Amino acid sequence: MTSATTDYLDLAGQLMMVRLFGTELDADTDAFLRTHKVRGVCLFRQNMVDAGQLTRFTGALVDAMGPQALVALDQEGGAVVRSTWVPAPPSAMALGAANDPQLAREVGAAVARAVRALGFNWNFAPVLDLNNNPHNPVIAERSFGADPAQATRIALAWMEGSESEGVACCVKHFPGHGDTHVDSHRDLPHVDKPRAELERFEFAPFRMAAQAAPAMMTAHIVYPALDPVNPATMSRAILTGVLREEFGYEGVIITDGMDMHAIAHRYSPGQAAVNALVAGADMVMAIGSRETQVETVHAIAQAIRDGLLPLPDVEAKLARLEKLAQAHPAGPAAHAREQDDRALMTRAWRAGLTVLGQPQRPARGSRVRLVARADVVSDGISEAGVPADRIAAALGTLYDVELATFADSESFDWSALPQDGRFTILASTSRRRYGPQARAGWRPDLHLALWNPYQALDFPSPALMSYGFAPPALEAAVAWLAGEIDAPGTCPVPGFERPTR
């Protein structure tokens, strides 16, 4: 291998972020990172055991990649968190329901303190997607709401908090994933709206955040009004034309995971990476297998060598990444306020609690039937939902609880539930909406929507919405049932104004 080839590979490696596959840095991965000068890694739940292990892991990564390393994770809040033992932040929509920028800033700072203590300096949050689609399969409560000004105000406050604690944010998913019926992890969505509508809605928060966000993540979505062929991640018209030139954005542009089906089922890894970098991305999240990572780094090096990625453009990308890393030094910092932050998260979850209709609290000691999905496994994006028996135990501190569980709401015989005078509570603990079988004729006395608030629209029953299922969210719901707290939140998306029959 010639020196020139090595130089091109070194440049290529600095434009990549990779996935790792264990809970420690093995010799082979260490050599790969060092050899190719890889600058970025993204860790997921499967890379994490506990604070001690994770801090050692991130420390080893910084040692391998150098002080300009970018060590990232998705710690949005709600169901999308990777470190599950730290103070549990509310989802974006819970903060949108509370509509308190100062509270959002405090939560963003607390999230940053927790992940910084574990050795991370880049958090892929907050979400700036505006969710106005009740059937969106992947965003829902991850959004701060549907009003561009309000959602952006809360998101920017959250980001200010994170920045104050030395953790870079990355707003996502530009130009907007909120009005899709398809999850880009599974297939390629299209948002077929005229440019004027995109400007009014999807673009608005990203334009407002363009001068504040140190990084933006691209969406694997086709917007025919902007580019009828290429998803945004690979569209020069969108990344360079709209984001860089029209919005005047000067921060880092990173792609969403290039192993998501929207991309991986249509392009080879190397081709996809080069297309994204040519379009205007600064870093490609090549989070596939080692084979994919090797293919990607060689494809990028070849594109630089052939002039498809001109050296001045590569140098500009590297300068933006260098600026991001210098402003957010890698390496852990002490988490001295953990107990205070746990109390903060409890307060924040309670501030977002929202009622729909006029729900009645059963009296203490009442006979209650709890109906819930038995278990909710992780879908690879969100963490696993709260098991039904845990909800039953929580409600059992107030009531005589009989638990009825189902594995699948569409095959479950809802008519078989006894009509014996027990107060029936449905607890919804997944993101998926209910289908026609569940909705046909049956209704609970009270619906606890402990994840996706849109599920509260599936039954004509009064509901309590928490926008998440983390322990402090469930504790808040129990406190409301006990009459200890009110539910002061206002749902920040349309469709929740309906009267309850």
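1. How many cavities of 30 Å³ or more does the count come to? The answer is 2. Keep in mind that this is a predicted model.

2. Take the largest cavity. Its volume is about 80 Å³. The lining is made up of 13 residues. Closest to the cavity centre are Glu76, Gly77, Ser91, Ala92 and Arg142. By class, the lining residues of this largest cavity split into 8 nonpolar, 2 polar and 3 charged.

3. Next, helix H13. This helix covers residues 311–327, 17 residues in total. From first C-alpha to last, H13 reaches 24 Å. That is close to the expected 24 Å, at 1.5 Å a residue.

4. Which residues of H13 are buried? They are Val314, Lys317, Leu318, Leu321, Leu324 and Ala325. Viewed down the H13 axis, the buried residues fall within an arc of 120 degrees, so they line one face of the helix. The other side of H13 has exposed residues: Pro312, Lys323, Gln326 and Ala327.

5. Now the cysteines. The structure has 0 disulfides. A disulfide needs the two sulfur atoms within 2.5 Å.

6. Are Cys170 and Cys491 buried or exposed? Cys170 is buried, at a relative accessible area of 0%. Cys491 is also buried, with a relative accessible area of 14%. The cut-off for buried is under 20%.

How values were computed:
Residues numbered from 1 in each chain as written. Predicted model: local features only at pLDDT ≥ 70, side-chain atom pairs only at ≥ 80, totals over all residues. Heavy atoms only, no water. 1 Å grid on protein atoms, 1.4 Å probe; cavity = no way out; pocket = protein on both sides within 12 Å on 5 of 7 lines; lining within 4 Å. Points joined across faces, edges and corners; volume = space filled by probe spheres on them. Nonpolar A, V, L, I, M, F, W, Y, C, P; charged D, E, K, R; others polar. Helix = DSSP H or I, 4+ residues; strand = E, 2+ residues; numbered from the N terminus. Expected span 1.5 Å × (residues − 1). Buried < 20%, exposed > 50% of the residue type's maximum accessible area, 1.4 Å probe, protein only. Arc of directions from axis to C-beta.
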